[in-house]
Amino acid sequence: MKSILNQSRQRLDHVRAIRRELHRHPEIGADLPRTRALVLRELNRLGLDVRENVGGGIVADLHGPDEASGGMIALRADMDALPVQEETGLDFASQIPGQAHVCGHDAHTAMLLGAAALLADLRDQLPTGVRFLFQPNEENQPGGARFMVEAGCLDGVREVYGLHVWPGRPAGWFGTRPGPLMARPDVFGVTLRGKGGHASAPHQCVDPVLAACHLVTQLNTIVSRRVPPGERAVLSVTRLDAGTGYNIIPETAFLQGTVRTLSSSTGDMIEEAMRTMTDAVGAGMGVQAEFDYVRGFPVVDNDPAAAAKAARVLGGMSEMVEGNIDPVMAGEDFSHYQRKVPGCFVFMGCGPCAADGRGGLHSSCFCLDEDCLPWGVAALAALALDRG
């Protein structure tokens with residue numbers, strides 16, 4: 001494993017150049033023409049079996065012995081950016097207004113390309129074939145992974161692994177766990193329709209703002225009073241829109257937010273409780289209540305054997321490996337791959353946040369330490385080379 005890390009470090013300049021090229025030209029969602037062209041350019045240099053549109057993504061196979069009988073190892077990277085105005089001041093900052101790689105997907109793509117090049121040079125040492133998955137549209141529901149899986153990207157694959165950069169931890173740190181690692185990120189919206197009028201005569205109106213305030217307060221009792229104390233869940237109302245002026249009671253109020261759970265049963269219970277509360281507030285306050293709920297990606301649920309393998313392999317190259325970290329309540333559509341084959345998702349340190357706490361994922365000033373890039377390349381390559 002130390003040898004793999006050393007070989008990875010020798011490739012830092014090239015991997016860093018790829019990452020910076022992607023960072024300058026971020027693309028959002030599933031429409032990633034420039035990003036795709038770069039990925040294809042790099043893959044076609046390696047003599048891999050490349051398919052350009054598998055459920056919207058790019059799939060490349062590096063063939064090895066026994067892949068037909070034993071199945072391939074799949075390694076995944078996401079390619080899309082976010083609709084955020086970058087404020088890092090980097091020399092290679094985004095050149096596209098309102099779009100930026102502030103979740104590290106540029107690094108993910110560059111590291112997987114680096115791993116593909118490294119493994120292509122070591123193909124004689126592979127225990128089986130390796131499939132590289134380059135996925136669009138991770139940031140938006142329903143995500144790109146589901147469509148790639150439906151298109152057969154995991155046919156012939158026995159295990160799948162993915163990495164995500166993690167600010168606040170140093171380069172060389174890795175963290176994972178068996179079982180639930182990341183939450184199901186559901187989205188809800190409620191529209192409350194009342195009767196508008198003059199603010200000086202509320203008795204002649206049906207106030208949706210007052211109903212919305214009551215509903216927000218009640219919704220925030222669900223986790224504290226209905227979810228067992230030892231189980232993790234989050235319910236956050238993040239948006240409340242109503243009104244056009246100080247002296248007008250509006251016709252409607254709209255609120256939106258997210259629910260995060262680590263089990264489907266808990267998520268389903270919270271959804272039903274929210275629906276019941278919404279109906280009750282509507283009936284009690286005389287407003288028409290419309291409740292909309294969209295279930296997000298499944299829980300990222302690491303296969304115990306795959307998580308144990310990841311901890312063992314990564315522990316062979318770094319002394320900063322934690323194999324039983326706490327779950328986090330963010331979501332990831334890597335879970336769709338895990339529903340098809342056993343797999344493990346791993347966080348990897350990418351340097352500290354700013355002293356004021358800014359610079360986390362999805363922040364306009366997110367900035368990773370590029371010393372993490374060789375660690376990611378080596379980690380992905382080592383997972384494919386491991387003979388167990």
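**Cavities and a helix pair**

Helices α2 (12-24) and α3 (33-44) each supply at least two residues of the lining of the second largest cavity. Helices (H or I, at least four residues) and strands (E, at least two) are DSSP runs, numbered from the N terminus. The model is predicted, so local features need pLDDT of at least 70 and side-chain atom pairs count only at pLDDT 80 or more, while totals for chains, interfaces and linings use all residues. Residues are numbered from 1 along each chain as its sequence is written, and side-chain values use heavy atoms, with hydrogens and water left out.

A cavity is, on a 1 Å grid over the protein atoms alone, a set of points where a 1.4 Å probe fits but cannot get out, and its lining residues have an atom within 4 Å of a point. Volume is the space filled by probe spheres set on the points, with grid points joined across faces, edges and corners.

The second largest cavity holds about 40 Å³ of space. Its lining consists of Glu21, Leu22, His25, Arg34, Thr35 and Leu38. The largest share, three residues, comes from α3. By class, this lining has two nonpolar, two polar and two charged residues; Ala, Val, Leu, Ile, Met, Phe, Trp, Tyr, Cys and Pro count as nonpolar, Asp, Glu, Lys and Arg as charged, and the others, Gly among them, as polar.

In total, the structure has two cavities of 30 Å³ or more. About 40 Å³ of space lies in the largest cavity, which is lined by Arg76, Ala77, Asp78, His108, Met111, Leu163 and Leu380. The lining of the largest cavity divides into four nonpolar, one polar and two charged residues.

The helix pair is α10 (residues 304-315) and α12 (residues 372-385), which pack at an angle of about 120° with their axes 10 Å apart. Axes are lines fitted to C-alpha atoms, for helices over the stretch in contact, and angles run from 0 to 180 degrees between N-to-C directions. The two helices are therefore oblique to each other, a class left for angles that are not under 35 degrees (roughly parallel), over 145 (roughly antiparallel) or 65 to 115 (roughly perpendicular). Lys309, Ala310, Val313 and Leu314 of α10 make the contact (heavy atoms within 4.5 Å) with Ala379, Ala382 and Leu383 of α12. Six of the contact residues are nonpolar, none is polar and one is charged.

Terms used. 1 Å grid on protein atoms, 1.4 Å probe; cavity = no way out; pocket = protein on both sides within 12 Å on 5 of 7 lines; lining within 4 Å.
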